[in-house]
Amino acid sequence: MKLQEYLKKNNKKPADLAKEFGVVHCMVRRWCNGETRPTLKYMQKIFEYTNGAVTPNDFFNIANDNEPTPPDGVA
């Protein structure tokens, strides 16, 4: 699951996650938009925060056993 999807599904905003992690909200927005990827430290925090719903693979479009990723351009 993408981070942006997780936040929307759980009625959270990038600013909520930013506050939780102690980072600026524009950083989380960039992660959600795919402009940048979180560092390994924050990928771990995101994984824990989302109880495994968002994995590091989700930032690299690598499919996992639970949720296949559609080809680019397919929503």
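This is a predicted model: local features need pLDDT of at least 70, side-chain atom pairs count only at pLDDT 80 or more; totals for chains, interfaces and linings use all residues.
Start with the core. The largest nonpolar core holds 16 residues. Those with the most contacts inside it are L3, L7, F21, V28, W31, I46 and F59. Four helices each supply at least two residues of this core: α1 (3-9), α2 (14-21), α3 (25-33) and α4. In soluble globular proteins, nonpolar side chains tend to be buried together.

Now take I46. It sits in helix α4, which spans residues 40-49. Is I46 buried or exposed? I46 is buried, because its relative accessibility is 1%, and buried means under 20%. Which residues does I46 touch, beyond its neighbours within four places in sequence? The contacts are L3, F21, W31, P38, V54 and F59. F21 lies 25 residues from I46 in sequence. In space, the C-alpha atoms of I46 and F21 are 9.0 Å apart.

Turn next to charge. The model has one salt bridge. It joins E35 to R29, with the closest N and O atoms 3.5 Å apart. The pair counts because that distance is within the 4 Å cut-off. How accessible are the two partners, E35 and R29? E35 has 48% relative accessibility, so it counts as partly exposed. R29 is also partly exposed, with a relative accessible area of 34%. I46, in contrast, is buried at 1%.

Definitions and conventions
Residues are numbered from 1 along each chain as its sequence is written. Side-chain values use heavy atoms; hydrogens and water are left out. A salt bridge is a side-chain nitrogen of Lys or Arg within 4 Å of a carboxyl oxygen of Asp or Glu. Buried means under 20% relative accessible area, exposed over 50%, partly exposed in between (1.4 Å probe, protein chains only). Contact means heavy atoms within 4.5 Å. A nonpolar core is a set of buried Ala, Val, Leu, Ile, Met, Phe, Trp, Tyr and Cys residues joined through side-chain atoms within 4.5 Å.
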